Amino acid sequence: MLLEVKDLRIHYGGAEAVQGASFEVAEGEIVALIGANGAGKTSILRTISGLKRLTSGEIRFMGERIDRKPTAHIVRVGIGHCPEGRHVFMMMSVKENLQVGAHIRKDKAEIARDMEAIYQSFPILKTRAKQDANTLSGGEQQMLAIARALMSRPKLLLLDEPSLGLSPIVVQEVARIISDIHRSGVSVLLVEQNSVMALNLADRGYVLETGRVTLEGAGKELLHNEAVRRAFLGG
Amino acid sequence: MDVGTFIQSLWGGVLEAGLIAMVAVGLYLVLGVARVLNFAHGHILVLGGFCTWGFRETYNLNFWLAALLGLLIVGMGGIVMERFPFRRFYGNFVPIICVGVALIYLFEGGVVQFFGPETKTVGTVISGTSGIKGWFIMRNWDWLVIGAGLGCLVGSGLFLAKTRIGRAMRATAVDPDTANLQGIGALGMARYAMFIGCALAAVGGGLMAPKYGASIGVGLAWMIKGMLAIIIGGLGSFYGCLCACLLLGMAVSFSITYINAQAGYIAMFVLLVVVILVRPWGLFGKKITVGMPGE
Ligand SMILES: Nc1ncnc2c1ncn2[C@@H]1O[C@H](COP(=O)(O)OP(=O)(O)OP(=O)(O)O)[C@@H](O)[C@H]1O
Ligand SMILES: [Mg+2]
């Protein structure tokens, strides 16, 4: 198993945001984690990356316990994280954003090659390479944030609501990019409120409600599940 | 008004600006990257001067070698400061200020204890003057200080702009969590910032020593000048900070030439007030809302 999360509990002060969630991602999978606002999706991803500490439970990546490890270590072992709200470095150029994404690597030639490959799959980033990231549109910033996360050559990519605030056409574009990334051999844990998009892409999915996993199954299966339809797809 | 005096003041301003910048850039880095406002940063500058003096006095070392050793020792001292007192309080601004103030006592007490309270004189290294007669003349030493100071500042600017670590430091300063997600360790960056900041200040102190001597009493004044530069330039703006250093340097130099020797401090104060009345976020800072909420 690539990523195993067991009985994860996360607190903010006294409030329990995640109340014993368990799920896994196997090598080569796209797994969707869907849930409404405040279900605890972002908290889970931030905890996997070590930005937030769990109260109890365990997180294993390729067998290694990572739940007490510093974030930089977690990135080095192969978990890339594209955060909610993009968080591109606004006052840096597109190219610099990508260079920062490659921080853990020192193989200059390979980095240059990866950057070329990124420019191939995101032509817009090539035209904007020298521009500051704050001049990009929301969709372009999302592409940049995903591309930046790829620069570390992750084995597992955590995507936190990549469709947030994007128009339907751009959401399709993002979906295409996610399946390209997956095809290139990166496993993906996709957090979404846009459950149609996420479940269509995913091999498997988990439904998260107020900090608990209430349903799990194959992506297509959840897409047609009555309870999921009622809760997320409007009937 | 004669042109010679004017140009003389201009260069005097550049000199003062360079020295302020040696403090301000370090303060800026440490504040941005580690979120530490180090009240003892001006004392670091003075300690740089003391190291230079000490190595020359005790071991009769060549000035440059002494200054270089000072830079390394004080830089290492910065790493120790980061590791020991400051790291325990990251993210909590008030205790961090208290630590800085405590360090001031440590440095002042230590220096007076071991070296005595008087100002130490460091013999001149290069004598003579040069310039254009009738226009402006400066001591050769001052030329050298301007050159070395500029070199250090351009060097640190390039380091921040062009290198992997420099980029990582900038990323940490603007968005620590996201920088972390790129595999950038915040503690490592804080260590770099502290080393570079303290080393720059030590160079400043070393360069100043032949002209002003080394006196622990002036530490706080330098820290405040650096702080003024950061506020006038706008929090978070490197070039803003350098511009502010230049303005402060000019304000001091011109007011000393045209008013009197004590007017420098007032001039800096006036500059601060004028800038923050017009732009509370500083010359190049990001626009912020100021004032009490709801008022
Ligand atoms: N920094 C924080 N401090 C206190 N409570 C928090 C914090 N972050 C999240 N929470 C709480 O934890 C719960 C889960 O939040 P989280 O952001 O993980 O949800 P989410 O599923 O990502 O929601 P959304 O879809 O809106 O992004 C919420 O009740 C939220 O109020
Ligand atoms: Mg969220």
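## Contact between Glu96(A) and Arg170(B)

In this predicted model, the side chains of Glu96(A) and Arg170(B) form a polar contact at 2.7 Å. Glu96(A) belongs to helix H3 of chain A, which spans residues 94-101. Leaving aside residues up to four places away in sequence, Glu96(A) touches Ala161(B), Arg167(B) and Arg170(B).

The relative accessible area of Glu96(A) is 15%. Because buried means under 20%, Glu96(A) is classed as buried.

## Magnesium site

The magnesium ion, ligand 2, is coordinated by OG1 of Thr42(A) and by OE of Glu84(A), at 1.8 to 2.4 Å. These two residues are 42 residues apart and link distant parts of the chain. Thr42(A) lies in helix H1 (residues 41-48) of chain A, whereas Glu84(A) is found in the loop between strand S6 (79-82) and H3 of chain A.

Both coordinating residues can also be described by their accessibility. Thr42(A) is partly exposed, with a relative accessible area of 21%. Glu84(A) is likewise partly exposed, at 31% relative accessibility.

## Surroundings of ligand 1

Ligand 1 is surrounded by 13 residues, of which the closest are Asn37(A), Lys41(A), Thr42(A), Ser43(A) and Glu84(A). H1(A) gives the most to the shell, with three residues. By class, the shell comprises four nonpolar, six polar and three charged residues.

Polar side-chain atoms of several residues approach atoms of the ligand. For Ser43(A), the distance to an oxygen atom of ligand 1 is 2.5 Å. For Lys41(A), the distance to an oxygen atom of ligand 1 is 2.7 Å. A polar side-chain atom of Tyr12(A) lies 3.4 Å from a nitrogen atom of ligand 1. The protein covers 58% of the 630 Å² of accessible area that ligand 1 has on its own.

## Positive phi angles in loops of chain A

Glu161(A) is a residue other than glycine with a positive phi, near 45°. Glu161(A) is placed in the loop between strand S7 (156-160) and helix H7 (168-183) of chain A. At 5% relative accessibility, Glu161(A) is buried.

Thr210(A), which is not a glycine either, has a positive phi of about 35°. Its loop runs between strand S9 (204-209) and strand S10 (212-218) of chain A. Thr210(A) has a relative accessible area of 59% and is exposed, whereas Glu161(A) is buried.

Notes. Residues are numbered from 1 along each chain as its sequence is written. Chains are lettered from A and ligands numbered from 1 in the order in which they are written. This is a predicted model: local features need pLDDT of at least 70, side-chain atom pairs count only at pLDDT 80 or more; totals for chains, interfaces and linings use all residues. Side-chain values use heavy atoms; hydrogens and water are left out. Helices (H or I, at least four residues) and strands (E, at least two) are DSSP runs, numbered from the N terminus. Buried means under 20% relative accessible area, exposed over 50%, partly exposed in between (1.4 Å probe, protein chains only). A polar contact is a pair of N or O atoms within 3.5 Å; within protein, one must be able to donate a hydrogen and the other to accept it, and residues adjacent in sequence count only if both atoms are side-chain atoms. Contact means heavy atoms within 4.5 Å. Donors are N, O and S atoms within 2.8 Å of the metal (3.2 Å for Na, K and Ca); water is not among the atoms, so sites may look incomplete. A residue is near a molecule or strand if one of its heavy atoms lies within 4 Å of it. Accessible areas come from the Shrake-Rupley method with a 1.4 Å probe; for residues, only the protein chains shown count as cover. Ala, Val, Leu, Ile, Met, Phe, Trp, Tyr, Cys and Pro count as nonpolar, Asp, Glu, Lys and Arg as charged, and the others, Gly among them, as polar.
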